[in-house]
Amino acid sequence: MKCIGVTGHRSIPQEVQEHVLEELRAALCGHEGSLEALSSLAVGADQLFADLALAHGAELTVVIPSGDYEDGFADEADLARYRTLKARAAREIRLDFPHSTDEAYYAAGAYIADHCDRLIAVWDGLPARGLGGTGDIVTYARSLGRPVTVIWREGVERG
């Protein structure tokens, strides 16, 4: 089974959204045999990827960083989408962090990088704003020699 993981920004500017969706679809298409998708289901890139992966027939594995992860969803619609995607997952990996901290987010991203064959990064190329951000996970995955596909449009900055 081929395994693709995702890391990415929670906020994707409107002018890059369609490009991100097209590139995510392209990354998921054309795989012979079964496909596993790894995501933490955070708002933004993680949820977009998980939704598209399920639509392409992939098995979704959800990596939950902490016991109180759901408390971090401020918007009810985002939390509902998280719960819907999580309910459709084939597997759930729960990390042992009681609270959502930068360390928990880094550990979840590292788990995804450790267990995928390729990492998709919806990333503007800038450094992470806190430990465990997209830039940190891309750096970690590359240090493992993991192939990383960056999806973004040059000249667009995240909010």
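Predicted model: local features only at pLDDT ≥ 70, side-chain atom pairs only at ≥ 80, totals over all residues.
**Entry 1**

I then looked up where D102 sits, and it belongs to helix α4, which covers residues 102–115. Is D102 buried, partly exposed or exposed? Its relative accessible area is 38%, and D102 is therefore partly exposed, since that class lies between the 20% limit for buried and the 50% limit for exposed. I also noted the separation of D102 and I137: 35 residues in sequence, and 12 Å in space from C-alpha to C-alpha.

**Entry 2: Helix α4**

I next checked the length of α4. Its 14 residues reach 20 Å from the first C-alpha to the last, close to the 20 Å expected at 1.5 Å a residue. Which residues of α4 are buried? I listed A104, A108, G109, A110, I112 and A113. The buried residues of α4 pack against several elements, among them the strands β1 (2–8) and β4 (91–97) and the helix α5 (134–143).

I kept one general point beside this list. An α-helix has 3.6 residues a turn, so residues three or four places apart point the same way.

**Entry 3: Helix α2**

I turned to α2, residues 45–55. How many of its 11 residues are buried? I recorded nine, so α2 is largely enclosed by the rest of the structure. The buried residues include D46 and Q47 as well as L48, F49 and L52. Their cover includes β1, α1, β2, β3, α3 (76–87) and β5.

**Entry 4: The crossing of α1 and α2**

I examined α1 (residues 14–28) against α2: their axes come within 10 Å and cross at roughly 45 degrees. The crossing is right-handed. On the α1 side the contact is made by L21, L24, R25 and L28, and on the α2 side by L48, F49, L52 and A53.

**Entry 5: Two positive phi angles**

Finally, I looked up backbone angles on either side of α2. L41 lies in the loop between β2 and α2. Its phi is near 60 degrees, a positive value in a residue other than glycine. Most residues other than glycine have a negative phi. With a relative accessibility of 0%, L41 counts as buried. Just after α2, I found that G57 takes a positive phi of about 85 degrees.

Notes: Residues numbered from 1 in each chain as written. Heavy atoms only, no water. Helix = DSSP H or I, 4+ residues; strand = E, 2+ residues; numbered from the N terminus. Buried < 20%, exposed > 50% of the residue type's maximum accessible area, 1.4 Å probe, protein only. Axes fitted to C-alpha atoms, helices over the stretch in contact; angles between N-to-C directions. Left-handed = near helix turned anticlockwise from the far one by under 90°. Contact = heavy atoms within 4.5 Å. Expected span 1.5 Å × (residues − 1).
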